[in-house]
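Please look over the structure shown here before reading on. The briefing takes up the overall fold, then the open spaces in the surface, and then one residue in some detail.

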Amino acid sequence: MATKKAAPKSVKTTAKKPTTSKKTSTTSTVKAVSASTKTGLFSGSPLRRAPFIGALVAEFIGTFLLAGAVIAGQGQPIIILFAIAGIVLLVGTLSGAHLNPAMTIGALVTKRISGLRAIGYVVAQFLGALAALGLLTAFVNGAAPISAEAAAFGQTAPVLFEAATLPAGKEWFVFFAELIGATILGLAVATALRIKGDRVASALTVGFGIFVALLIAASAAAFVGGSAILNPAVALSLVALKFELWPLVVYILAPVIGGIFGFILQDILRAEHDGGND
């Protein structure tokens with residue numbers, strides 16, 4: 001009896017799809033990005049090769065904006081609050097946003113920055129404040145003259161906001177107002193520099209710090225007919241600094257001492273606090 005042979009099973013042959021190595025693809029992408037970066041528009045910028053210079057430029061821009069905001073806002077604390085919070089968000093990750101020679105010296109004394117960086121920051125801050133004064137002065141000088149008819153109705157030519165003249169015999173009152181306000185601000189800035197990774201919290205800490213500091217110091221100074229500025233660079237743009245003893249003592253020495261006190265106080269409190277827990 002004949003038996004039927006089983007038909008041979010068909011063998012499935014599947015062609016292997018060519019696979020591309022992820023590693024090769026990633027490497028190619030990185031090389032392409034690197035090549036485009038090297039040939040980019042800003043590939044030759046010195047800021048890419050020297051980040052320290054970028055930090056100095058950031059301090060210059062930040063202090064320029066702060067001084068301009070103080071002048072334009074007539075020194076109002078609430079305006080300065082929002083201005084400095086925005087500036088810290090803008091340049092804080094680039095330089096730390098000191099924006100104030102007194103705060104920079106406080107950071108130097110408490111060993112948060114090097115001497116070279118401190119010197120560069122202070123120079124950049126004074127130049128930024130001076131640039132703001134020069135630019136706004138140019139705009140004011142370019143304003144149209146007031147006509148006789150407008151002057152008859154009380155209209156006056158635009159002038160830049162300036163600090164009040166130090167009241168004779170009351171200089172020590174303004175000195176201590178500056179000292180107290182700068183201490184509060186130094187504590188706020190030192191606290192903000194300790195905040196890592198939360199730019200908004202850092203900006204608000206500095207913003208509300210300057211608000212409280214100015215609210216107290218400016219009010220105290222106004223009682224005796226003076227102005228509290230808390231920032232030697234901004235004092236230059238408000239025409240408060242002069243090569244005389246009292247302006248230098250009140251608007252440079254007092255905020256510098258206060259800034260150092262604020263930074264040291266923050267270090268002490270940070271080392272000794274218990275977090276509010278028993």
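The points below are grouped by topic, beginning with the chain as a whole.

This is a predicted model, and its protein chain is made up of 11 helices and zero strands.

**Overall fold**

- Along the sequence the protein chain reads α-α-α-α-α-α-α-α-α-α-α, and of its 278 residues 36% count as buried.
- Of the contacts in the protein chain between residues at least 6 apart in sequence, 73% link residues that are at least 24 apart.
- The protein chain has an accessible surface of about 16,700 Å², and carbon and sulfur atoms account for 68% of that surface.

**The largest pocket**

- At least two lining residues of the largest pocket come from each of helix 4 (77-95), helix 6 (115-141), helix 8 (171-194) and helix 9 (199-223).
- Sorted by class, the lining of the largest pocket holds 10 nonpolar, seven polar and six charged residues.

**The second largest pocket**

- For the second largest pocket the lining numbers 28 residues, with Gly75, Ile80, Leu214, Ala228 and Ile229 nearest the centre, and two or more lining residues are given by each of helix 3 (51-72), helix 4, helix 8 and helix 9.
- Helix 9 provides the largest share of this lining, namely four residues.
- The lining of the second largest pocket comprises 20 nonpolar and eight polar residues, with no charged residues.

**Arg112 and its surroundings**

- Arg112 sits in the loop between helix 5 (101-109) and helix 6, and because its relative accessibility is 23%, which falls between the 20% and 50% cut-offs, Arg112 counts as partly exposed.
- Beyond its neighbours within four places in sequence, Arg112 is in contact with Ala107, Ala190, Leu193, Arg194, Phe263, Gln266 and Asp267.
- The side chain of Arg112 takes part in a polar contact of 3.3 Å with the side chain of Gln266, and a polar contact of 2.7 Å joins the side chain of Arg112 to that of Asp267.

How values were computed
Residues numbered from 1 in each chain as written. Predicted model: local features only at pLDDT ≥ 70, side-chain atom pairs only at ≥ 80, totals over all residues. Heavy atoms only, no water. Nonpolar A, V, L, I, M, F, W, Y, C, P; charged D, E, K, R; others polar. 1 Å grid on protein atoms, 1.4 Å probe; cavity = no way out; pocket = protein on both sides within 12 Å on 5 of 7 lines; lining within 4 Å. Buried < 20%, exposed > 50% of the residue type's maximum accessible area, 1.4 Å probe, protein only. Contact = heavy atoms within 4.5 Å. Polar contact = N/O pair within 3.5 Å; in protein donor to acceptor, adjacent residues only side chain to side chain. Areas by Shrake-Rupley, 256 points an atom, 1.4 Å probe, with all protein chains shown as cover.
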